Amino acid sequence: MREAIHNLEASKIREVANAGLGRDDVLAFWFGESDEVTPEVIRQAAIDSLQRGETFYAHNLGLPELREAIARYTSALHPAVDASRIAVTSGGVSALMLAVQALVDAGDEVVAVTPVWPNLTAQPAILGAQVRTVPLVPADGQWTLDLAALRKAVTPKTRLLIVNAPNNPTGWTMTREEQQAVLDHCRETGTWILADEVYERLYFEPTLNGCAPSFLDISRPDDRLVVTHSFSKSFLMTGWRLGWLVLPPALVDGIGKLIEFNTSCASVFTQRAAVAAIEHTAEITPRVVAHLKQCRDTLVPLLAALPGGQVAPAKGGMYAFFRLEGFGDSLDLAKRLVVEAGLGLAPGNAFAPEAQGWLRWCFASKDPQRLVQGVERLKTWLSKQ
Ligand SMILES: Cc1ncc(COP(=O)(O)O)c(C=O)c1O
C-alpha cells in the first residue's frame, strides 16, 4: 500500500460509534445527516424512472436535463451560470475528490482552513500533497478567520486553498468581505480555490436569496475557482450519493474524463430524482431550513446553560460545536458519553488538532425533543462527575 494511505488517520467519529456497538439505546447525533426521510416527490421520481427502465449508463457529466436544472437553480441564487459549467457527481465527496484529482499533484502544497470535515484534508493527502492548515480562531463565542494568517500561509507556492463555509463542524460562515479578500489574494498568488458550499442553503441569517455568501457571487467564470455542492443536505438526500461541481470552462473536459475513470456517471434514476428535487425546491428547502433553525435554537441555549458550557451559535450548517470546561480530550469524552450516558457525539479533534476538547452535535433531528432528551442525558452524566 502507498505510504500516503498508511498514514491516513482512521475516522475518530467511527471510533466513537464503535464504542457503542451492539447498543440500541444510544441517542446518536454523531453523523452529519437528518433523520428525516427524503421527500415523497423526490422518491417518486426515482421510482418512475426505474419503472420506465432507466437502468443504463449515462453521460459522464450528467443528464443534460439535470445540468440545465442545476444551472437554473444556481443562477437563481447567484450570477448566471451556464449548464456547460456544471458536472454532476456521485455525492459531494466525489465532487471534492474529482476537483482535487484535477488540480493537485503529489508534492504540491495545499492549504486548508480548519477545523473542517476530515475528508477535505484527507483527499489531497491521498494524492501525496502536503497539506497545511490555517486554524479558525474562537473569539467571543464565535469562530473567526484570521485573514492575516491566511494571507501569510497562501503564497505563490500554494496550489490549492480549501475553504468550507458554512462550515462543518463550527458553523462558521464567511462574510462577503472575507471572500473578496481571499479571492483577491489567490488571484495574486495564482492559487486555486476549492470552495465547499454544500451548506449554502442551510443558512440562518436574514438574506434576500436564502443563501450564504458564495464565491460564485463575486468571481468570474475563468477564475481559478471550483465550487462543490451536494443534494444531501438541503434536499434530505444523503443516501442517494449525488452532488455537483461548478467549474471554470477550461476544467470541464478534464473533469468529464476523471468522472469516466472514477465512477463513469451518476445513476440515471437518482438524477431524475434530483431534477424533481430542484423543481420542488421552493416547497422543500425553506421548510428544511426553518426546521433546522428551530433545532439549533432548541439545542444551543441548552448547551450554553450547561455548567462550563461554551458554544458558538452556528450561522449555518447543521451542527452545534461546543466544549465543556474541565474536559480536555474530545475522543476520550465522546467515548465515555457513549458508554456511560448513551449519548453519541463526534469528537472535535476529528476535525483538527486545535479543536481538541470540543464536541460536535448534529442537530438535524426530525423531532427536536430528541435533542432535549440528549441534553438531559448529558446533564445527568455531568452531575455524577
Ligand atoms: C463540508 C462537507 N462537504 C461535503 C460533504 C459531502 O456530502 P455528500 O458526499 O453526502 O454529498 C459533507 C458531508 O457531510 C460535508 O460536511
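Helices (H or I, at least four residues) and strands (E, at least two) are DSSP runs, numbered from the N terminus. This is a predicted model, in which local features need pLDDT of at least 70 and side-chain atom pairs count only at pLDDT 80 or more, while totals for chains, interfaces and linings use all residues. Residues are numbered from 1 along each chain as its sequence is written, and side-chain values use heavy atoms, with hydrogens and water left out.

View 1. The peptide bond from T114 to P115 is cis. Its omega is near 0°. P115 lies in the loop between β3 (109-114) and α6 (119-126).

View 2. A165 and P166 are joined by a cis peptide bond. Here omega is about -10°. P166 belongs to the loop between β7 (158-164) and α8 (176-189).

**View 3. The backbone at L236.** L236 is not a glycine, yet its phi is positive, near 55°. Look for L236 in the loop between β9 (225-230) and β10 (243-246).

**View 4. Polar side chains at the ligand.** A polar side-chain atom of N168 lies 2.7 Å from an oxygen atom of the ligand. The side chain of Y199 has an N or O atom 2.7 Å from a ligand oxygen. For S230, a side-chain N or O atom is 2.5 Å from an oxygen of the ligand. The protein covers 94% of the 400 Å² of accessible area that the ligand has on its own (Shrake-Rupley method, 1.4 Å probe).

**View 5. A salt bridge between D35 and R370.** A salt bridge is a side-chain nitrogen of Lys or Arg within 4 Å of a carboxyl oxygen of Asp or Glu. The count comes to 19 salt bridges. In one of them, the side chains of D35 and R370 meet at 3.6 Å, N to O. D35 lies in the loop between β1 (27-28) and α3 (40-51) and R370 in helix α13 (residues 369-383), so the pair ties together parts 335 residues apart in sequence.

How values were computed:
A polar contact is a pair of N or O atoms within 3.5 Å; within protein, one must be able to donate a hydrogen and the other to accept it, and residues adjacent in sequence count only if both atoms are side-chain atoms.
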